[in-house]
Amino acid sequence: MSTTTLTEFPSHNPATGEVIGTYRNASVEDVNAAVARAHASSRAWQALGFAGRKKVLVAWDAVISKRLSEITELVALETGKPLSDASLEISLAIGHLDWAAKNAARYLSPVTRNPGLIMANMKARVERAPYGVVGVIGPWNYPVFTPMGSIAYSLAAGNTVVFKPSEYTPGVGEWLGATFAEVAPFPDIFQVITGLGATGQALTNAAVDKIAFTGSTRTAKKVAAAAADRMIPTVLECGGKDPVIVDSDANIKKAAEYALWLAMSNAGQTCIGAERVYVHHAVADEFIREIGDMAKEIHPGVNKNYGPATMPSQLNVIQSHIDDAAAKGAKFLIGGTDSVQPPFVQPTIMLDVPEDSLAITEETFGPTLTINRVQNMDEAVALANATRYGLGASVWSKRNGEKIASQLVTGMVSINSVIGFAGVATVPFGGVKDSGYGRIHGPEGLHEFTYLRSVVSERFALPFAFTTFKRTKFADKFLTSVIKFLH
Ligand code: NAD
């Protein structure tokens, strides 16, 4: 199937395979035209100032909230996730949109800086200026929550945005664009262009001033390479292989309950989902018994605990990870090599999985979990860190949570809870290593979509000047004496 010749592409219900919509496969020309329009509206959007933009974004927030059931149904239809999960996702996104709208002025307004004694005749401040046009490229697993972290924060900072949603969730993307248009004071502030991967590539090559990408590490590297060619900055939110660390003093029942949810919910298609557990040997049997009992009650299906794999090709990846673990000697607590039953995957928990198995080294992105016993928390930390990913983690311990968390090479950690960092609007979201760089959410998420401009102006003239060819010997002497005195 050539992506260059298609003018349209279908969107499917992943549970049935049924076509539920047809969308424009935007061409390079379409993308360039959208970016040109976004540039044209940029100045007016910036001129609205923080207060004007806040009004628009809060109004958009209200429209989304009012029509929550409509977008919830659309997300559930295109991704296959249960309605309650879709509703939770959108509620979190609404919270972020509101926070970004209401806090941009506080975190992005100019700040004055002390010019220092030698430059005391100067006035100094640091401004944060929007980049101009931000290209946002999104994935399908959380088609509202994930791109909203870039869209809301970019817009609040004063950028116009061109958004390319995943080809698996184009309807959700168009819905976001259409609802924004209802509250927009003028066109082309936030545009949505649908298309396949080539459309995303065209957006990276277009005249955007920054790219905010969320998706796989493999695609992120292509985006980063294209951006490097144009010397434009990127924020890259990629995959993960998040560990759950359970210490001997943890609340085992709660750790098992939450780890199970973190691994299986959304059919395991969560970048910050649990994929590996490292449990202290003293409590391992209890943890395994608890999680095994609870897992028996979890079932995939339409509006059951979780839905189908949204992207059919992921089923092959999941199968290969399960087969590889089995071949290397892993035992199955629940599920087995027959867990993949397209389009669903049964909950699968593997025990004593060799650390060189694909289920440990690669992102599985399915409802699977590995559980390995460790002698102590030093071993747990070492194994948790022995991965090319570094997105999130969850630590369970009554006494040592903070200590363990501080040793993890990850962008985010929850202690005695899971994914708290995604819901708290004031903390940044993002990873290290192959999980990407840059941050969305919180003050840092607003900063991400601005560049710094230092402005220094003269408050009063000194009797002698230094930055001129007319500098006198007296000025040189004066400067040397002051420096010697000060240092
Ligand atoms: P993907 O990389 O296949 O696609 C992501 C987006 O990139 C899509 O819109 C796609 O059309 C576009 N794209 C494809 N080729 C492109 C190219 N050459 N240039 C530019 N854009 C291109 O990822 P996916 O399967 O949609 O998403 C799943 C991945 O996303 C998982 O790895 C998951 O962990 C990750 N993810 C990360 C976060 C996070 O915040 N860190 C959040 C959600 C998902």
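Colleague: Which residues do ring pairs link into a cluster?

Modeller: Trp45, Trp60, Phe163, Phe180 and Phe190. Keep in mind that this is a predicted model.

Colleague: How many aromatic pairs does the count come to?

Modeller: The count comes to 17 aromatic pairs. Trp140 and Tyr168 form one of them.

Colleague: Why is the pair of Trp140 and Tyr168 called edge-to-face?

Modeller: Two values decide. The ring centres lie 6.4 Å apart, and the limit for a pair is 6.5 Å. The planes stand at 65°. Over 60 degrees counts as edge-to-face, so the pair of Trp140 and Tyr168 is edge-to-face.

Colleague: What makes this a link between distant parts of the chain?

Modeller: Trp140 and Tyr168 are 28 residues apart. Trp140 sits in the loop between β5 (133–137) and α5 (145–156). Tyr168 sits in the loop between β6 (160–164) and α6 (170–183).

Colleague: Is Trp140 buried or exposed, and how do you know?

Modeller: Its relative accessibility is 7%. Buried means under 20%, so Trp140 counts as buried.

Colleague: Why is Tyr168 called partly exposed?

Modeller: Tyr168 has 28% relative accessibility. That value falls between the cut-offs of 20% and 50%, so Tyr168 counts as partly exposed.

Colleague: What makes the pair of Phe163 and Phe190 stacked?

Modeller: Their centres are 6.3 Å apart and their planes are at 15°. Planes under 30 degrees apart count as stacked, so this pair is stacked.

Colleague: Which parts does the pair of Phe163 and Phe190 tie together?

Modeller: Phe163 lies in strand β6, and Phe190 in strand β7 (residues 190–192). The parts are 27 residues apart in sequence.

Colleague: How do you know that Phe163 is buried?

Modeller: Phe163 has a relative accessible area of 1%. The cut-off is under 20%, so Phe163 is buried. Phe190, at 6% relative accessibility, counts as buried by that cut-off.

Colleague: Why is Lys81 said to lie over the face of Tyr142?

Modeller: Lys81 is at 4.0 Å from the ring centre. The distance limit is within 6 Å, with an angle condition on the ring normal besides. The charged end of Lys210 sits over the ring of Phe449, 5.7 Å from its centre.

How values were computed: Residues numbered from 1 in each chain as written. Predicted model: local features only at pLDDT ≥ 70, side-chain atom pairs only at ≥ 80, totals over all residues. Heavy atoms only, no water. Phe/Tyr/Trp six-rings, centres within 6.5 Å; stacked < 30°, edge-to-face > 60°. Helix = DSSP H or I, 4+ residues; strand = E, 2+ residues; numbered from the N terminus. Buried < 20%, exposed > 50% of the residue type's maximum accessible area, 1.4 Å probe, protein only. Lys NZ or Arg CZ within 6 Å of the ring centre and 35° of its normal.
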